[in-house]
Amino acid sequence: MKEIKDSLDFLDREIKVKVPDINAFRAMVEQVEEKKQEKTRRETLLFLASAAGILFIEIYSFNRSFTAFAVVQALSLLCLPISLVAWRRQKKKQVTS
Amino acid sequence: MDEHLVAQAKRGSREALAQLLYANYEIVFKYLIKFTLNKGTAEELAQETMVRAIEKFHLYLPERSKFSTWLITIAQNLYMDQLRKRKREQKQIDEEISIESLELVFSEQDDTWKRVLDALARLSEDIRLPIVMKHYYGYSLEEIAKRMSIPLGTVKSRIHNGLKTLRKELEEDEGN
């Protein structure tokens, strides 16, 4: 056991590490952050498009028949807790991973 | 110094984040090289760790752990994922791991360490990993089982068989 520890300590002391230049890290951060921002922009756009779509459906169904409108409202109410549960599960997965 | 940079990076400073990663790269690489015993693999994984850290930096909680500890956790998870993927795809590593690739310079006094590293390199990764985790980093068997997602009994038998193989190889080497 001691030999394993000693040999890995030796490896730790003697191994030559090629640390990339600081500019490589700067470039990496820029690239990844840009990708993250792009993803956020797309998600925001998708959210806005969904919200507009839902609003359109609501207005259309209200104009066509009150029953249809009531059904759409009932469905939206059902979606809310399902979305909340899905969002919380996703958040929990992110934090524990 | 890390705490200061973490605080700045948390406020959105990309320069601070780059400095943090630059300052901790060596720690991550040295952690990985002890498991992989392969420079190329360790470098690839270190690079992936840096990218993953940037992606998930918003989830890092400074009050929970040091930045280097957090990075090492990411590195370890990436390495475990790689092992699992290789096993799933039933990919065999064709090239034998040779400690020559580490470019270490051994003096005559270091012969034992060279033989031990050689013998460790010849073990398969899923046997070497728990041995290094237990006998170098001091993880408990339960922690190893949890991190590797294998039963406790499997961890025990891998460590037992791995040490048996190592002892046999070192005895044979001494005999030669």
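**Close-up views of a predicted two-chain model**

**View 1. A lysine of chain B over an aromatic ring.** B:Lys10 lies over the face of B:Phe57, 4.9 Å from the centre of the ring; a charge is said to sit over a ring if NZ of Lys or CZ of Arg is within 6 Å of the ring centre and within 35 degrees of the ring normal. This is a predicted model, in which local features need pLDDT of at least 70 and side-chain atom pairs count only at pLDDT 80 or more, while totals for chains, interfaces and linings use all residues. Residues are numbered from 1 along each chain as its sequence is written, chains are lettered from A and ligands numbered from 1 in the order in which they are written, and side-chain values use heavy atoms, with hydrogens and water left out.

**View 2. A tilted pair of phenylalanines in chain A.** Over all chains, a search of the whole structure finds 18 aromatic pairs, where rings of Phe, Tyr and Trp (its six-membered ring) pair if their centres lie within 6.5 Å, and planes under 30 degrees apart count as stacked, over 60 as edge-to-face and the rest as tilted. A:Phe66 and A:Phe69 form a tilted pair, 6.0 Å from centre to centre and with 45° between the planes. The two residues are three apart in helix 3 (residues 66–96) of chain A, so about one helical turn separates A:Phe66 from A:Phe69; helices (H or I, at least four residues) and strands (E, at least two) are DSSP runs, numbered from the N terminus. An α-helix has 3.6 residues a turn, so residues three or four places apart point the same way. A:Phe66 is exposed at 58% relative accessibility, whereas A:Phe69 is buried at 18%; buried means under 20% relative accessible area, exposed over 50%, and partly exposed in between (1.4 Å probe, protein chains only).

**View 3. An aromatic cluster in chain B.** B:Tyr31, B:Phe35, B:Tyr79, B:Tyr136 and B:Tyr137 form one aromatic cluster. B:Tyr136, with a relative accessibility of 16%, is buried, while B:Tyr137, at 29%, is partly exposed.

**View 4. Two residues with positive phi in loops of chain B.** Although not a glycine, B:Leu37 has a positive phi of about 50°, and this residue lies in the loop between helix 2 (14–36) and helix 3 (39–56) of chain B, where B:Leu37 is buried at 0% relative accessibility. B:Ser149, also not a glycine, has a positive phi of about 55°; B:Ser149 belongs to the loop between helix 7 (141–148) and helix 8 of chain B and is exposed, with a relative accessible area of 53%.

**View 5. A glycine in helix 8 of chain B.** B:Gly153 is part of helix 8 (residues 152–175) of chain B and counts as partly exposed at 45% relative accessibility. From C-alpha to C-alpha, B:Gly153 and B:Glu142 are 9.7 Å apart in space, and they are eleven residues apart in sequence.

View 6. B:Asn24 is found in helix 2 of chain B and is buried, with a relative accessible area of 3%. Leaving aside residues up to four places away in sequence, B:Asn24 touches B:Asp2, B:Phe67, B:Ser68 and B:Leu71, contact meaning heavy atoms within 4.5 Å.

**View 7. Helix 6 of chain B.** Helix 6 (residues 125–135) of chain B is mostly covered, since eight of its eleven residues are buried. Among the buried residues of this helix are B:Glu125, B:Arg128, B:Pro130 and B:His135.
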